[in-house]
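Welcome! Keep the sequence and the 3D view side by side as you go.

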Amino acid sequence: MEQLVWRAGCGAALASLLLPALGSAQPFQLPTANRALFEKGGEERFFVGTVGKPWTTGTFGCVRSGGNQMHEGLDIRCLQRDKHGEPIDPVLATADGTVVYINNRPALSNYGKYVVLRHQVENLEVYSLYAHLSQIRPELKPGQNVKAGQPVALMGRTTNTRSGISKDRAHVHFELDLLLNDRFAVWYQKASPDQRNDHGEWNGQNLLGLDPRLILLEQQQKGARFNLLEFVQHRPELCRVLVRKPDFPWARRYGALIRRNALAEKQGVAGYEVALDFNGVPFELVPRTASDIRGQAAFQLLAVNASEYHRNPARRLVVQKGVRWELSPHGLNLLGLLTY
Ligand SMILES: [Zn+2]
């Protein structure tokens, strides 16, 4: 008996020694008990599509309105309901982190009640967002630390859209994001003076989504070899833009995405060549010197990957004029916010 107890104790000690290592290699957990994402053919049981549309419309990407509308997260199906058919799945922190924002006023957002957590993963500041919640744990406050797997809320179907979310489509909308600019609120007031911003920098426009499905599947497949920084660095490139600015918040926050350039480091950085993915994530920054930069424009479009644009057009960051490509108003708006 004693031996067994010891063995059990030993196993637990071993597990606690091993867990931190696994935790850093597989930083993200599923945000509910629904694990069908990892089951062959489980998509129908994991994703909730939009009304009358297939499950793919509940995934991340240009999946709505015939590919012309972006959905920046995963809509994850509910598993548990109360006697009225309302969803009651606990919503779990995807990783160790800190609460940064709680919106308890569903009328103020199409996300309804939502929570944003900040995580530090391999030198990258990553944010997770959980939306359409029915209840956020009342003791949860901004600044509080949470552990991976800790319940933060209950699934619901809150939103301020007129059509609402029906019981049968109950889901949590889950995002993994990078933060564009901590001066968002000031920029927004200037860029859209007639629009209200009730959420400070925790406005969806300021959070650039990565595909959580790709991340979770790659983690599952690669195990200890998964690396979030590498994942971000290997996003397919939509376009490359020269930004005439030596310093902006993204370059400071996501310094891990800056490629070394010895000449620019020696002569001084006058701007960056920035590679964007189809969702506008600046996943690579290459420092450039003053002599590298011609012309006076704040932003110069250097290259466009046309096939990537046609595969994922919803954000319309660039536009084709005859044989030439140009930055669209959307693209200029994003770069304006990025470098504000
Ligand atoms: Zn959604």
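**Exercise 1.** Which residue of strand 6 does I102 stand opposite?

*Solution.* Bear in mind that you are looking at a predicted model.
Step 1: Find strand 5, residues 97–103, which pairs with strand 6 in the antiparallel sense over 5 bridges.
Step 2: Go to I102 and look across to strand 6; the residue opposite I102 is V115.

**Exercise 2.** Follow strand 6 to strand 7, and find how many bridges join the two.

*Solution.* Step 1: Strand 7 covers residues 124–133 and runs antiparallel to strand 6, with 8 bridges joining them.

**Exercise 3.** Decide why strand 6 counts as largely enclosed by the rest of the structure.

*Solution.* Step 1: Strand 6 spans residues 113–121, which makes 9 residues to check.
Step 1: A residue is buried if its relative accessible area is under 20%.
Step 2: 7 of the 9 residues are buried, so strand 6 is largely enclosed by the rest of the structure.

**Exercise 4.** Locate the protein donors of the zinc ion and say how they are spaced in sequence.

*Solution.* Step 1: The donors are H71 through NE2, D75 through OD and H173 through ND1, and they lie 2.0 to 2.1 Å from the zinc ion.
Step 1: Their spacing in sequence reads H-x3-D-x97-H.
Step 2: D75 belongs to strand 3 (residues 74–77) and H173 to strand 11 (residues 171–179); this pair is 98 residues apart and links distant parts of the chain.
Step 3: Are these two buried or exposed? D75 counts as buried because its relative accessibility is 2%, and H173, at 5%, is buried too.

**Exercise 5.** Work out which side of helix 4 is buried, and what that side packs against.

*Solution.* Step 1: In helix 4, residues 212–222, the buried residues include P212, I215, L216, E218 and Q219.
Step 1: These residues cover an arc of only 165° around the axis, so they sit on the same side of helix 4.
Step 2: The buried residues of helix 4 pack against strand 3, strand 11, strand 12 (207–210) and helix 5 (228–233).
Step 3: Finish at the ends. D211 caps the N-terminal end, with a side-chain oxygen 2.9 Å from the backbone nitrogen of R213. Just after helix 4, G223 takes a positive phi of about 55°.

Key
Residues are numbered from 1 along each chain as its sequence is written. This is a predicted model: local features need pLDDT of at least 70, side-chain atom pairs count only at pLDDT 80 or more; totals for chains, interfaces and linings use all residues. Side-chain values use heavy atoms; hydrogens and water are left out. Buried means under 20% relative accessible area, exposed over 50%, partly exposed in between (1.4 Å probe, protein chains only). Helices (H or I, at least four residues) and strands (E, at least two) are DSSP runs, numbered from the N terminus. Two strands pair if DSSP finds at least two bridges between them. Donors are N, O and S atoms within 2.8 Å of the metal (3.2 Å for Na, K and Ca); water is not among the atoms, so sites may look incomplete. The arc is that of the directions from the helix axis to the C-beta atoms. Contact means heavy atoms within 4.5 Å. A polar contact is a pair of N or O atoms within 3.5 Å; within protein, one must be able to donate a hydrogen and the other to accept it, and residues adjacent in sequence count only if both atoms are side-chain atoms.
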